[in-house]
Structures are given as structure tokens and as C-alpha cells.
Amino acid sequence: MEDHNTGNTSPAASVASADIAAEFAALTVEEQERQRAEWSQELARVEEEINTLRTVLASKTRHASDLKRKLGITVWKEITDDMNQGLKNVKESTVFQRTESVLKTTGERTASVFSSITGGISSKFSQMKNSESMRSIEEKVGSAYENVKVSYEHNNFMCQSHATKVSTSRSGSVSSFPDELRENNSSALNTP
């Protein structure tokens, strides 16, 4: 006999089926018919019970849904509550607590290592800043900056001075142009 639920037979099921088949084959024809009738009646009774249980389960499920609706319990709330309970169970588990402890310890050690590294780097920078060579570099950069600044201010002053001279000479020539024109016209009229 084969397991009809899974379509596969396990070794234990095969042995049991072989035993049942051997026992059934050992019965007389009348006993075999009586046994089949008994199994058929039992199968009908079990299927009827299954259908009754399905009906009762569907009725209970509808009743539970109505009660939840009246209480304002939504599917989303149920999912959220289930997830929160699951997370709480995970957090309370010993595996999670051990893992959390290990991660915390590792984090503290890592922070300690980074702290010592940055402290060492800060110390080196302080030593470098106070060294003679760094002071010399600062002085050179400072004097170069001052030289560029003075040069810029000098060039800016020269450009402004030149612009003033150009505008003065232009304004002088523009203001003298009408005078020159009048003089040329009057001299032309006076000349025979």
C-alpha cells in the first residue's frame, strides 16, 4: 500500500504496508469483504467528522473576526503585535544576549584602540607644531603672505593712481575740445 498524502513511501511505511497486505491476503474472501466494509464505514465516519470540524472552525473564525472588528483590532495591529512579541522573545533569548554582550565588548575595545591612535596622532602634531622646523615654516609662510599682500596693495594703488591720471587727462581733453573748436571757428571767421 502507498502513502497517498505525500505520493512517496518511506521505508517504515513500506514495511507497514507490506505487513497489512500480507495480513489482508491471509484472510478468507468473506473476511476480506467484511474488513473492506468496516474500513469503508470508518472512512465515511472520519470524513464526516472532518467536514463537521471544518464547519465549526469556519464558524469560530467568523465569530472571532466579528469580535476583533468590534474591539477595533485590525489585521495590521495583529501583525504588529506579533512582530513586537517575536522581537521581545528574540531579545530575551540567551543567544541574543550573548551576541549583544560580545558586540558591546568589541565596540568598547575598538573605541579604545581608536582613542589611543588619535591620541598618539594629536601628540605627534603637537610636537611638530612646537618644533623649530615648523616655526621656521610658519615664519616663511607668514613673510611670503605679507610680501604678496604688500605687493597686491602696491599694485592696486598704482592701478588706481594710473586710472585717476587717465580720467583726469581725458576729462581735461574733453573739456578743452569745445574750447578748441570755438577758437578754431572764430579764427577761421576772422581770417580773410
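**Aromatic pairs.** I searched the whole structure, a predicted model, and found one aromatic pair. Rings of Phe, Tyr and Trp (its six-membered ring) pair if their centres lie within 6.5 Å; planes under 30 degrees apart count as stacked, over 60 as edge-to-face and the rest as tilted. The rings of Phe24 and Trp39 have centres 5.8 Å apart and planes at 25°, so I noted the pair as stacked. Phe24 sits in helix 1 (residues 11–26) and Trp39 in helix 2 (residues 29–71), so the pair ties together parts 15 residues apart in sequence. Helices here are DSSP runs (H or I, at least four residues), numbered from the N terminus.

**Ground rules.** I number residues from 1 along each chain as its sequence is written. Local features need pLDDT of at least 70 and side-chain atom pairs count only at pLDDT 80 or more, while totals for chains, interfaces and linings use all residues; side-chain values use heavy atoms, with hydrogens and water left out.

**Salt bridges.** How many did I find in the whole structure? There are three, each a side-chain nitrogen of Lys or Arg within 4 Å of a carboxyl oxygen of Asp or Glu.
- Asp66 and Arg69 meet at 3.5 Å, N to O; being three residues apart in helix 2, they are separated by about one helical turn.
- Glu78 and Lys68 meet at 2.3 Å, N to O; this pair links distant parts of the chain, with Glu78 in helix 3 (residues 75–92) and Lys68 in helix 2, ten residues apart.
- Asp81 and Lys77 meet at 3.1 Å, N to O; they are four residues apart in helix 3.

Definitions and conventions
Helices (H or I, at least four residues) and strands (E, at least two) are DSSP runs, numbered from the N terminus.
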